[in-house]
Amino acid sequence: MLRTNIFRSISWIIDRLTLITPCGARQATMERIEFEPTVVWRARLDAWDERSHAVQQSLAKHVNGSGITLSNRGGWHSDVISHVDAALEDVINEVTDFYRCILAQLGWRSAGTAEVTCECWININPPGAWNIVHTHPGWHMGAVLFIDSPPACGDLRIIGLRESLGLNVGPEMPSEAAASEPFLRRGIDISPRQGDLFLFPGWLPHQVLPNRSDADRISIAFNLNCGLDQT
Ligand SMILES: [Fe+2]
């Protein structure tokens, strides 16, 4: 009888402990069901170092006038480029190739032959200039290719959709914990290298932080859509 009572007491204590300790036995009975992951793809264009000068010369032909104002603050933003030369056409073809790769990676078997629509424009951000938070509405994916990105020229900041909507995403966590746990991430800052191409969903809020270097940050931004059947 005494032994039974002791056993029950121990069981009761163990039960209580599993309720108050975060990694108790209950952990083993929980399944983590993930959905709606957000992905940003980083790609490198072929032989970028050898090509970058020709591409910069190509862009220089389009830099004239006062530009337009959209997400740019303090920087110059071209209209959508309507005529492209060979160097720029190569870049656009490569960007659409990476886009097709992503579509294939996501499961579309006809991605290689799908009709892709792409438009692009130039951003020149002198020291202090930046791009405010924005999306690429109506487009499947957005992309940005960093042509000239000196150190401290400003990170590409991706903002989580929940954060951008101002929803309660839970208590603040130490940044190192949030960095290692995708569920806790409110966003991510990525330092661009010259020749880096980033592709991301068109609905994903993003910005480019102020240029803290003493040289211009130059990039080409893209909108991408495709016509795909279900295969
Ligand atoms: Fe953008």
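**Strands, a helix and a core**

Me: This is a predicted model, in which local features need pLDDT of at least 70 and side-chain atom pairs count only at pLDDT 80 or more, while totals for chains, interfaces and linings use all residues. Residues are numbered from 1 along each chain as its sequence is written. Which residue in S4 is the bridge partner of Trp76?

Reply: Helices (H or I, at least four residues) and strands (E, at least two) are DSSP runs numbered from the N terminus, and two strands pair if DSSP finds at least two bridges between them. Strand S3, residues 76-77, and strand S4, residues 115-125, pair in the antiparallel sense over two bridges. Within S4, the bridge partner of Trp76 is Ile124.

Me: How many bridges join S4 to strand S11?

Reply: Strand S11 covers residues 217-227 and runs antiparallel to S4. The number of bridges that join S4 to S11 is eleven.

Me: Which strands stand at the edges of the open sheet of five strands?

Reply: The pairing in this open sheet is antiparallel, and the order of its strands is S2-S5-S10-S7-S8. Each edge strand has a single partner strand, so one side of it is left without a neighbour in the sheet. The strands at the edges are therefore S2 (72-73) and S8 (187-190).

Me: Which residue in S5 does Arg73 stand opposite?

Reply: Strand S2 is joined by two bridges to strand S5, residues 130-134, and the two run antiparallel. Across this pairing, Arg73 stands opposite Trp130.

Me: How wide is the arc that the buried residues of H3 cover around the axis?

Reply: A residue is buried if 20 or more other C-beta atoms lie within 10 Å of its own, exposed if 12 or fewer, and partly exposed in between, with C-beta atoms placed from the backbone. In helix H3 (residues 86-105), the buried residues are Leu88, Val91, Val95, Tyr99 and Leu103, whereas Ala86, Glu89, Asn93 and Gln105 are exposed on the other side.

Me: Which element gives the largest share of the largest nonpolar core?

Reply: A nonpolar core is a set of buried Ala, Val, Leu, Ile, Met, Phe, Trp, Tyr and Cys residues joined through C-beta atoms within 7 Å. The largest one has 27 residues, of which Ala143, Leu145 and Ile220 touch the most other members. The elements that give two or more residues to this core are H2, H3, S4, S6, S9 and S11. The largest share, six residues, comes from S6.

Me: Is Ala152 buried, partly exposed or exposed?

Reply: Ala152 is found in the loop between S6 and strand S7 (156-159), and it has a positive phi of about 70 degrees although it is not a glycine. Most residues other than glycine have a negative phi. Because Ala152 has 16 C-beta neighbours inside 10 Å, it counts as partly exposed.

Me: Is Glu36 exposed or buried?

Reply: The place of Glu36 is in the loop between helix H1 (2-20) and strand S1 (41-44), and its phi is also positive, about 50 degrees. With 5 other C-beta atoms within 10 Å, Glu36 is exposed.

How values were computed
The expected span of a helix is 1.5 Å times one less than its number of residues.
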